[in-house]
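Take a walk through this structure. Start with one chain, then cross to its partner.

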Amino acid sequence: MASLKDVQNQIVGVKKTKQITKAMNMVASAKLRNAQTRIERFRPYADKFYEMLGDLATGADESVHPLLEVRDEVKTVGIMVTTSDRGLCGAFNVNIITKAMKLAQAKAKEGKAVKVYCIGKKARDAFRKTEFEIVREEANAMSNFDFTLAASVGNELIAGYISGELDEVHVVFGEFLSIAKQVPVDLAVLPMGATEGDETVSGGSGDYVYEPSVEGLLAELLPRFIKVQVYRALLDTSCSEHAARMAAMDNATRACDDLTKSLTLLYNKTRQAAITADLMDIVGGAEALKG
Amino acid sequence: MANTLKIEIVTPDRKVLSEEVDYVGAPGILGEFGILPSHVPFLSALGIGNLYYKQNGKAYYVFVAGGFAEVNNNKVTILAEVAEKASEIDTARAQKAIERAEERVAKAKEKIDAARNQAALRRAITRISCQTSGKSAGTC
């Protein structure tokens, strides 16, 4: 049986851990609130954007813009993976990375080259261990990012696609469904024909005056649309990260409580056993003297 | 016939403003255009420039860089990647950006992206002029 001192040390240790996990839970919930407001602020922009694109794209076909062109032969696939920079958020990062890995491996099996864009330290660390080519890595971006990051990554993806270095682009990120539920999602961003189908449903009012032409406007809108999608992926991932961390830390705090309880029980038992043993000694000694 | 317009400026990070105004002048990619109430539905790409609107006889200025303007039903929606009200512009930062851009041109040995540099310079200059106009109109 463990000594009294050992058990006491363990209890102290668990209690300290609990303080940390509890603090992390609170920090995560504060950050989650921030991240959620950012999503909410972004939503009007994104909604309006889809609406405009829907209006314009109704009449457009593949020939209008290089980003709409679907290539017959896909040689290179670009995969952008967004994860958090830090761990301690349960299976959140692992889920995203597994999803991205599977996609990359499937594409590699079909004989396509895979290029990876890693946003977030965890994605980078995971993909560094593989043979896939990492084109871009942003290790400490997730804690503090704005639209500029999305724009710069988006530009790189667009440039790659137009120059023919990439024939297909996927974005893998953690979609934020609710505080309790986040799922890894694989979104095919380019070519755009694939994603656009559902945006056009809103239908256009059609009688707009366009300046410059519809084509000219599309040429401006489409690249931005990519950036909007990238930004959304970043925002969602950061929101999901904090939610996942909150849940993980909540579980840890509860586990600490359970552990303290069972350790205290053990402590008391050990203490009582020690007292009993002492008493037996004294009684035994007294009996021996009497005799 | 309505005699005011609603203007809304949104960027990816926030809603910059939402107001009832009398007139909107915006920097279209093909040149500036003005919008009065009861304008036909209109959609245009925006360049880098100063947008201004009139409200109760006063002109207010907003810096915008890249984006779109949609006019429909007496409502002007501006979707911009960057938009700052004249009063929010950090002129010191813009001044520094100008210096940086000029420095890059001067040190032409250094490999620079001329188009990008030009755009940065234009953004900075426009920001400053935006605040100047806002100040002279007494709304900033």
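Buried means under 20% relative accessible area, exposed means over 50%, and partly exposed lies in between (1.4 Å probe, protein chains only). By that rule B:Arg127, at 12% relative accessibility, counts as buried.

This is a predicted model, in which local features need pLDDT of at least 70, side-chain atom pairs count only at pLDDT 80 or more, and totals for chains, interfaces and linings use all residues. Residues are numbered from 1 along each chain as its sequence is written, chains are lettered from A and ligands numbered from 1 in the order in which they are written, and side-chain values use heavy atoms, with hydrogens and water left out.

Begin with chain B. It holds 2 helices and 7 strands. Helices (H or I, at least four residues) and strands (E, at least two) are DSSP runs, numbered from the N terminus. Read from the N terminus, the order is β-β-β-β-β-β-β-α-α. The C-alpha trace of chain B spans about 60 × 30 × 25 Å along its principal axes. Of the 140 residues in chain B, 48% are buried. Chain B exposes about 7000 Å², and carbon and sulfur atoms supply 49% of that area. Accessible areas come from the Shrake-Rupley method with a 1.4 Å probe; for residues, only the protein chains shown count as cover.

Contact means heavy atoms within 4.5 Å. Among contacts in chain B between residues at least 6 apart in sequence, 53% join residues at least 24 apart. Return to B:Arg127, which sits in helix H2 (residues 114-136) of chain B. Leaving out residues up to four places away in sequence, B:Arg127 touches B:Phe63, B:Val82, B:Glu84, B:Ile89 and B:Ala94.

Next, look at B:Gln55 in strand S5 of chain B. B:Gln55 is buried, at 16% relative accessible area. Which side chain does the side chain of B:Gln55 meet in a polar contact? The partner is B:Glu19, at 3.1 Å. A polar contact is a pair of N or O atoms within 3.5 Å; within protein, one must be able to donate a hydrogen and the other to accept it, and residues adjacent in sequence count only if both atoms are side-chain atoms. Not counting residues up to four places away in sequence, B:Gln55 touches B:Glu19, B:Glu20, B:Val21, B:Asp22 and B:Tyr60.

Now cross to chain A. In the interface, 26 residues of chain B contact 24 residues of chain A. The area buried between the two chains is about 2300 Å², and carbon and sulfur atoms give 65% of it. Buried area here is the accessible area (1.4 Å probe) that two parts lose on being put together, summed over both. One residue on the chain A side is A:Val209, in strand S6 (residues 209-211) of chain A. A:Val209 touches B:Val40, B:Pro41, B:Phe42 and B:Leu43, not counting residues up to four places away in sequence. At 39% relative accessibility, A:Val209 is partly exposed.

Side chains of opposite charge can pair when their charged atoms come close. A salt bridge is a side-chain nitrogen of Lys or Arg within 4 Å of a carboxyl oxygen of Asp or Glu. How many salt bridges does the rule find across the interface of chain B and chain A? It finds 2. In one salt bridge, the side chains of A:Arg224 and B:Glu81 meet at 2.4 Å, N to O. In another, B:Glu70 pairs with A:Lys48, their closest N and O atoms being 3.1 Å apart. B:Glu70 lies in strand S6 of chain B and A:Lys48 in helix H1 (residues 4-57) of chain A, so the pair joins two chains. Both B:Glu70 and A:Lys48 are buried.

Finish within chain A. A:Arg232 forms a salt bridge with A:Glu175, with the closest N and O atoms 3.4 Å apart. A:Arg232 is in helix H6 of chain A and A:Glu175 in strand S4 (residues 168-176), so the pair ties together parts that are 57 residues apart in sequence. A:Arg232 is partly exposed, at 27% relative accessible area. A:Glu175 is partly exposed too, at 21%. Elsewhere, A:Asp125 and A:Arg124 meet in a salt bridge through their side chains (3.1 Å, N to O).
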